[in-house]
Amino acid sequence: MQVFEFHFNPKLKEDLIFDSFCYTPENVYEKRLGSLYIVGELRNTLPQNLKLLHSLAQIIKGKYYAFPTLSKDQSFSEGLKKANEFLAEEISKENTSWLGNLSFAVISMKDFNLNFTKVEGLKILLARGGKILDIGDRLEFKEIEPYPLKVFKNIVSGKLAEGDLIIVLTKEVFDLFSKENLINEIAQVPIEEKFYEKKLKKTLKNKEELLSEISGICLLIVLKPEFVPKEIFTFKKETPLFSIWQVLKPVSSGVRNFLKIPKKIFSFKKERVLPPKIGFLEKIKAKPKNLIVSLSSKIKISSNFKKNLILISALIFFLILGFFIFKKEREYRLKEYKVNLNKIQQKIELAKDFLVFKDEKKANSLFREAWEEILPLTEEKTFFKNEALALKESIEKELQNLSKLEKIAEPELLFQFQKGEFFPQKMLLLDKVLYFFNPYYQDLYKFQQGEKIKIETNQKFNLASLLSENSILFFSKPDKLILFQDNQFKESFSLKEPHPDFEFNDFSSFKGNLYFLDGKTGEILKYPFPLVFGKDSPNLWLNPETKKVIDGKSIAIDGSIWILDKRNKIHRYLLGKYQETLDLDFFPYLENLDKIFTRWNLPYLYLLESGQNRIIILEKSGQIFSQFQSEKFDNLKDFTVSENGKKIYLLNGLKVYQVQF
């Protein structure tokens, strides 16, 4: 097993810290548990949390190796349990600034058996046979459970194979690696390669300029065969390994002998026998004319030299042949490359013709095909690469226009919270007043007429929805509802659950009725209005025979119920029955939608995609209406919409932006 830790620009951002920790067994007892790998990142860091990552890693490691008699799975669970206790204690000390800002991954490995867990934006990928799998996908949408606190609560286990590659990336590194195709390039480097480390570093070196602009970690765990310990010796006759040097050695020797012309290759015949008293050299000096040297008749060429000369000739022949084959193949590839560029150019021109005839659907389809075909050509190093990049840029401009994408360089900043003051995670709008809350803080904040106002409460809220024109209904896990009306908190209410393991992933209200989504089963629970004791039994709103959405993560209600799932599909239900799934096809193509929003009086669906820094506005038919994207939207948490739907408020870290259309 081989591990590579790449840390990119740790001091680039003042309030961002990250680190990786790799622990290997130190004795025979710890070897039963295998190795432990940890990656952590903390955003919006306050001084008291500068050592949080290190403390967490030490706690998990200490507990993991504390009891070697336990199984690996048990030790892993114990380590995470201890970490949860530590973080719960930090919250009890009112140190909550790390909540919502901590990304963390823990991996244990023994004999190709894998256990791992993660929270927030880290990516854990598996490269196998050149293919990339997001093995952390099933943990992607799991929230931190605050009652009791469970930061680490879900564990994934699996069996790996020799030759696998585990890739752990922090969010900013993952975004760049994905954009520059670096993940695929790393996955394509054969791990059995003798100079694997050198080639790996060279791959990253080629992107040095881009990598200098980001901060984060790339951890690679290469599953190679275990090395034989030094104490174990094996004595046997080894089969000679193939060596290119042994093949070329006769050729090399022949060339060296030919160039140096050693004396032993030549023998000089004398015309007559010289008297023994006169030395050979003296005789040459005395009578040079009597010594006849004829290269044609007096040089004897050894049999080894003849063989070496034949090998040299053969080598030169094959080198020349290879050169012409390579040249021919290169010419063929360049010709094919140029033909493909011409075909793509023709497809672009045809798409533009469809635009002239107002057939945007057909034009969009052709531009998308051209974009997908041009992408691999932009990765190849040829004379025409610049031409391919220019074509790609022109296609993207056309796609952006068709997808009604507006890029905003300087979005309007409404206001911002001060660092250490409050870390908002969710927001909503009631009667032109913005309310902010954090599932891990007890207090609320509201923004009214240009002023931030703190609302003190001893409650913590996970979700919220407008109940009427003058009231908000807050939900606290596991089952508590609290009414906020006329600028003060009213009565609270405990919900009845249909079964103990029902998960309240999201909820919304319509005409006073409450609708809760269970993403695990796909069920929707309806609590009828008015909600009073004795009449609070929930109903399963969906028809038992209708299609259900598994892994739904956000709902919105306007009479129909719209469910957004983790595959970026939007499903519409009416009167408890499935109606349709919207086909979303616009550029930039969807990666991971976060939230859906609408109301009965609005003609649009609003979608948040934090990973691509944008807010999307759809007609309810699924057609794109508008998009707003900005580099400043680099930490989107939530959004809400004004009463008329024309103004969007975006919560981005500590800042609140507004966009009007």
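**Entry 1: the hairpin of E17 and E18**

I began with the turn between E17 and E18, which form a hairpin with 2 residues between them, and I noted that Gln 449 in this turn has a positive phi of about 55°. The strands here (E) are DSSP runs of at least two residues and the helices (H or I) are DSSP runs of at least four, both numbered from the N terminus. This is a predicted model, in which local features need pLDDT of at least 70 and side-chain atom pairs count only at pLDDT 80 or more, while totals for chains, interfaces and linings use all residues. Residues are numbered from 1 along each chain as its sequence is written, and side-chain values use heavy atoms, with hydrogens and water left out.

I then looked up the pairing, where two strands count as paired if DSSP finds at least two bridges between them. E17 is joined to strand E18 (residues 451-455) by 5 bridges, and the two run antiparallel; Phe 447 has Lys 452 in E18 as its bridge partner. On the other pairing I found strand E16 (residues 433-437), antiparallel to E17 over 3 bridges, with Leu 434 opposite Phe 447 in E17. A hairpin of 6 residues leads from E16 to E17.

How enclosed is strand E17 by the rest of the structure? I found 4 of the 5 residues of E17 (residues 444-448) to be buried, so this strand is largely enclosed. Buried means under 20% relative accessible area, exposed means over 50%, and partly exposed lies in between (1.4 Å probe, protein chains only).

**Entry 2: aromatic rings**

Next I looked for aromatic pairs, in which rings of Phe, Tyr and Trp (its six-membered ring) have centres within 6.5 Å; planes under 30 degrees apart count as stacked, over 60 as edge-to-face and the rest as tilted. The count comes to 38 aromatic pairs. For Phe 417 and Phe 422 I noted ring centres 5.6 Å apart and planes at 55°, so the pair is tilted. Phe 417 is buried at 1% relative accessibility, and Phe 422 is likewise buried at 1%.

Tyr 435 belongs to strand E16 and Phe 484 to strand E21 (residues 480-485), so the pair ties together parts 49 residues apart in sequence. Both Tyr 435 and Phe 484 are buried.

I also found one aromatic cluster formed by Phe 415, Phe 417, Phe 422, Phe 436, Tyr 441, Tyr 445 and Phe 447; Phe 447 is the residue that I had already noted opposite Leu 434.

**Entry 3: an open sheet**

I moved on to an open sheet of 4 strands, in the order E14-E37-E36-E35 with antiparallel pairing. Which strands pair on one side only? The edge strands are E14 (412-416) and E35 (636-641). The twist averages 25° from one strand to the next, where axes are lines fitted to C-alpha atoms, for helices over the stretch in contact, and angles run from 0 to 180 degrees between N-to-C directions. E35 is joined to strand E36 (residues 647-652) by 5 bridges in the antiparallel sense, and Leu 636 has Asn 652 in E36 as its bridge partner.

**Entry 4: salt bridges**

Searching the whole structure, I found 30 salt bridges, each a side-chain nitrogen of Lys or Arg within 4 Å of a carboxyl oxygen of Asp or Glu. In one of them, Lys 13 meets Glu 172 with the closest N and O atoms 3.0 Å apart. Lys 13 lies in the loop between strand E1 (2-8) and strand E2 (17-23) and Glu 172 in helix H3 (residues 171-179), so this pair ties together parts 159 residues apart in sequence. Lys 13 is partly exposed at 35% relative accessibility, and Glu 172 is partly exposed at 24%.

I noted a further salt bridge between Asp 565 and Arg 567 (3.4 Å, N to O). Are these two residues buried or exposed, and by how much? Asp 565 is buried, with a relative accessible area of 1%, whereas Arg 567 is partly exposed at 46%. Lastly, I recorded a network of salt bridges that links Glu 89, Glu 90 and Lys 93.
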